[in-house]
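Trainee: I have just opened this one and could use a guided walk through it. Could we go piece by piece?
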Amino acid sequence: MDRIDAMQAFARVAETGSFTKAADTLRISKTRVTQLVQQLEARLRVKLLNRTTRKVVVTADGAAYYERVLRLLADLDDAETSLSGAAAAPRGRLRVDVPSSLARLILIPALPAFCERYPELQLDLGVSDRRVDLIGENVDCVIRGGPIADPSLVARHIGDLALGAYASPAYLQRAGVPAHPRELDDARHRIVRFQWPRAGQAPAQTLQSGDEQVPLQGRYVLAVDDGNAYLAAGLAGLGVLWLPEYMARARAERGELVRLFDGWRLPPMPLYLAYPPNRHVSAKLRVFIDWVVEVVGREAPVVGRG
């Protein structure tokens, strides 16, 4: 039995509550995971997990051992990456999940330079706006716009994205150009609603000019839960959008979108990078975090920085 492999297998089962999920995330067979955990229990002469047909639960001894295993695995990673060669060239797989629009417009175009800088890193990039189970899906970190709903996660504030209200020329020709935000409540106007996976719908935005604040509600004919689909709906003339400027910039320059309400401003959208509290910040994760902060600061207009 390889004790490190056995510890890793046990930790993944404890975190996911499933031998099957642990096997999937470790990319080994369920039988092998079971063997490693059984061999570890036999060596320690204690029961680490209670197994039933429906779930796997860590025992009291297992919970105490799990905390020590996490520290040992983290110390092992630190020992390896503290060597000058390993620190300069972090390696291995990194699993991250990022919003679709941020991936398409900002991160993926910048990835060639990152891959050239760190050729021994393998990046498994999930591209979605859905809610991700970081522990269950063995994801190292996520990037999300808006407040982080799960208070148990460690969140780093990357910056605040500047927002604006936009609509397509076709929509404005059909519905008219609103001169004041309150006009969006008129029967002729529509918005496109972003359906946040965490909350069901986006909180109402508020436009401000001086001391005047106008909450923006509006009627909608379409709600979507993906940033690229949200932008596509606005370009198709389905309603007014609230967009980060990095998403709207090129479209506005080409005349495909028109910015509305000069002299009014929307509160910026905070952008966070989050990871599980029990996930060691390895060298590979540290270089990815630093790269994201660098790229977002360079390519996406931010009005504040964490």
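Mentor: Let us begin with strand S8 and strand S11 (residues 220-224), which pair in the parallel sense over 4 bridges. Strands here are DSSP runs of E with at least two residues, helices are runs of H or I with at least four, and both are numbered from the N terminus; two strands pair if DSSP finds at least two bridges between them. This is a predicted model, in which local features need pLDDT of at least 70, side-chain atom pairs count only at pLDDT 80 or more, and totals for chains, interfaces and linings use all residues. Residues are numbered from 1 along each chain as its sequence is written, and side-chain values use heavy atoms, with hydrogens and water left out.

Trainee: Which residue in S11 is the bridge partner of Phe194?
Mentor: The bridge partner of Phe194 in S11 is Val224.

Trainee: And which way do the side chains of S8 point?
Mentor: In S8 (residues 191-194), Ile191 and Arg193 point one way while Val192 and Phe194 point the other way, and all are buried, where buried means under 20% relative accessible area, exposed means over 50%, and partly exposed lies in between, with a 1.4 Å probe and protein chains only. In a regular strand the side chains alternate between the two faces of the sheet.

Trainee: Switching topic, what is the strand order in the open sheet of 3 strands?
Mentor: The order is S12-S7-S13, with antiparallel pairing. Strand S12 (241-244) and strand S13 (258-259) stand at the edges with a single partner strand each, so one side of each has no neighbour in the sheet.

Trainee: What packs on that sheet?
Mentor: Helix H9 (residues 245-253) does, touching S7, S12 and S13, where contact means heavy atoms within 4.5 Å.

Trainee: How many bridges join S7 to S13?
Mentor: Strand S7 (residues 163-167) is joined to S13 by 2 bridges, and Ala167 stands opposite Val258 in S13.

Trainee: What about Arg93, buried or exposed?
Mentor: Arg93, which is found in strand S3 (residues 92-98), is buried, with a relative accessible area of 17%. A polar contact of 2.4 Å joins its side chain to that of Asp124; such a contact is a pair of N or O atoms within 3.5 Å, and within protein one must be able to donate a hydrogen and the other to accept it, while residues adjacent in sequence count only if both atoms are side-chain atoms.

Note on methods
Axes fitted to C-alpha atoms, helices over the stretch in contact; angles between N-to-C directions.
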